[in-house]
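Subject: Structure handover

Hello,

Here is the structure I promised to pass on. Please open it alongside these notes.

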Amino acid sequence: MKTALARTAALAAVLATLGLLPWLSGRDAALSVLRARSAEQEPTEEALAAIRDDLGLGSGPLTLLGRWAGGLLRGDLGTSWVSGTDVLPSVASGLGVSLGLMGASLAVALLVAAALCTATVVRGARGTRRRGSGGAAAAMLASVPEFLLATVGLIVAGVWLGLLPTSGWQGPSSMVLPALAMGLPAGGLLGRLVDDALPAVFGERWVELWQASGVSPWRLACAALRRAVPAIAPQFGLVAVGLTGGAVAVETVFAVPGIGRTALGAAKAQDLPLLQGAVLALLLLGLAAGALAHLVRIRLLGPGLRDAALALPAAPRAPAGRAARAVPVVLAGVLLAVVGWGLLRDPYAVDVTARLAAPSGAHPLGTDGLGRDVLARLGHGAAATVGVALAVCLLSYLFAVAIGFLPALSAGVADIANALPPVIVGILVASALGPGTAGASVAVALVSWPPLAAHASALVEEVRASGFLTAQKAIGATPRWILTRHVLPAVAGPVARHAVLRLPGIALALASLGFLGLGAQAPAPEWGLLLDESRAYVERAPWAALAPAGALALLAGFAVSLSSATGFSGTTAAVRRAGAVAS
């Protein structure tokens, strides 16, 4: 009941924010609308006043909200401020395109995930519990920015080879490049989750009994996958949401008329009715994806979930060896060396005679379109990307640990937060606060805490139900003593290691917002901006794009290897425990 109330309150808050966008923006939307309708017309006070009266911008916030909510009840999303057409057909058209692209991308992701966890499945079915080598590859693959893959695919397959369309939406052939750009990182994430879940499944008692009974490895592998998938089914729903709303950058690169590109264009043009309709459609799609994933999980688990007859053991894990402990040290050393080297150079010095110069002694990573040193901009951009990502990660961690002690509240609010991809939240925040690093940080922070909160809630429930805690209460331990000496230490450490795993995703989200012009603004050397600036000349100077992409990949490898070396079994353990508590 509490979860349902929290979910309803969070949904109402999001809808109210959407309805109040014209008032929350704090800017004169009439000027933006005038320029979009007629660039030649002078913005006189009479013209602006006429637009305000026509759009009802002079009304108070409650009137605006009531008018928009009344239209929703009638199935009317309003009229575009720019084109003067109904919003609903535009939203429906964009949503249909994005759904088709999402389906193709999800198919690619499932194929990639299957390839990454095949070795673990085969070894487990044959009685060897050792993981395959797909975990590290999956983590690195998941760290590659979708917009970089889209740009490289467009240049290589579209321009150089001429095999596929480079823009527009003409048919199935137009899906290939965008689906690959979106599906490969998503497949890396799903492959990592499945590969991390399978060792725990193969360590369960029923596997030994089946092997002793002579069950074929093929049948055992299928049963293990059926057992592992329900625990991470909610993550499949999140990936589906991300493929649709988080594809704004990919849709922008390929000029795909999807719902994400529609929302971005509406935000830049200050066409707030169209933006409201696009975000509302994405929110409903996210809620539907989450509900479908929950139903799939219940269907796969069957009566065992209802009867609480399923054990969820921890994944068997060998102690990290010396080589495993050395990996994060090496990766961190390389990243810090590159960043430190770049900090010694000037990121803003322009040399037009050295435009797009290849790597050399004077410019170890080459130069960009203005002759600026790529190494210098990469080093100074670390503060804007990694530094901000660390701050967002810390805030998300603190909030998640705090709200984890209220599982019913956190679960309800998280359902709504999970339904909104970071890029879409970034568009909303930019509409209200304007583009910039602060707005991008707020947007990413608003949607990065739910996985950590789910993990914290699950650990709190486990600790509260443990026998030693009951014994502490029996001997008269105070609640404060129990909280500070038992509950918090049991929760803070594992969730902190989980937060480290989320760091690359947060950095990628910030880079995505910078790439779309919603984060740090030029001439700031932010990694997302570096990728965006290099897009125009990636064919001639690929080093300008590969440098920030390689830095993000190193960051992902460091996070994953550090988590493994410190004994954290990965995000899947948290997902499994959270699923057990939720049931």
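Tyr 348 lies in the loop between helix 16 (322-343) and helix 17 (374-403). Helices here are DSSP runs of H or I with at least four residues, strands are runs of E with at least two, and both are numbered from the N terminus. With a relative accessible area of 46%, Tyr 348 is partly exposed. On this scale, buried means under 20% relative accessible area, exposed means over 50%, and partly exposed is in between (1.4 Å probe, protein chains only). Leaving out residues up to four places away in sequence, Tyr 348 touches Arg 372, Arg 377, Pro 523, Ala 524 and Pro 525. Contact means heavy atoms within 4.5 Å. Pro 525 is 177 residues from Tyr 348 along the chain, yet their C-alpha atoms are separated by 8.5 Å.

A note on the source. This is a predicted model, in which local features need pLDDT of at least 70 and side-chain atom pairs count only at pLDDT 80 or more, while totals for chains, interfaces and linings use all residues. Residues are numbered from 1 along each chain as its sequence is written, and side-chain values use heavy atoms, with hydrogens and water left out.

Now the chain as a whole. The protein chain has 26 helices and zero strands. Of its 583 residues, 48% count as buried. Take the contacts in the protein chain with a separation of 6 or more: residues 24 or more positions apart account for 77% of them.

Two helix pairs come next. Helix 8 (residues 146-160) packs against helix 9 (residues 176-202) at an angle of about 145 degrees, and their axes are 9 Å apart. Axes are lines fitted to C-alpha atoms, for helices over the stretch in contact, and angles run from 0 to 180 degrees between N-to-C directions. The crossing of helix 8 and helix 9 is right-handed. That term applies if the near helix is turned clockwise from the far one by less than a right angle; anticlockwise is left-handed. From helix 8, the residues involved include Leu 149, Gly 153 and Ala 157, and those from helix 9 include Leu 177, Met 182 and Pro 185. By class, this contact of helix 8 with helix 9 has nine nonpolar, two polar and one charged residues. Ala, Val, Leu, Ile, Met, Phe, Trp, Tyr, Cys and Pro count as nonpolar, Asp, Glu, Lys and Arg as charged, and the others, Gly among them, as polar.

Helix 6 (residues 87-125) also meets helix 9: their axes come within 6 Å and cross at roughly 30 degrees. Helix 6 passes helix 9 in a right-handed crossing. Their contact has 22 nonpolar, seven polar and one charged residues.

Some single residues to look up:

- Ser 441 sits in helix 20 (residues 437-448). Ser 441 is buried, at 17% relative accessibility. Beyond its neighbours within four places in sequence, Ser 441 is in contact with Val 388, Val 392 and Leu 510.
- Gly 78 is in the loop between helix 5 (61-73) and helix 6.
- Cys 117 is buried, at 7% relative accessibility. Cys 222 is partly exposed, at 35%.

What about disulfides (pairs of cysteine sulfur atoms within 2.5 Å)? The structure holds zero.

Best wishes

Conventions
Disulfide = S-S within 2.5 Å.
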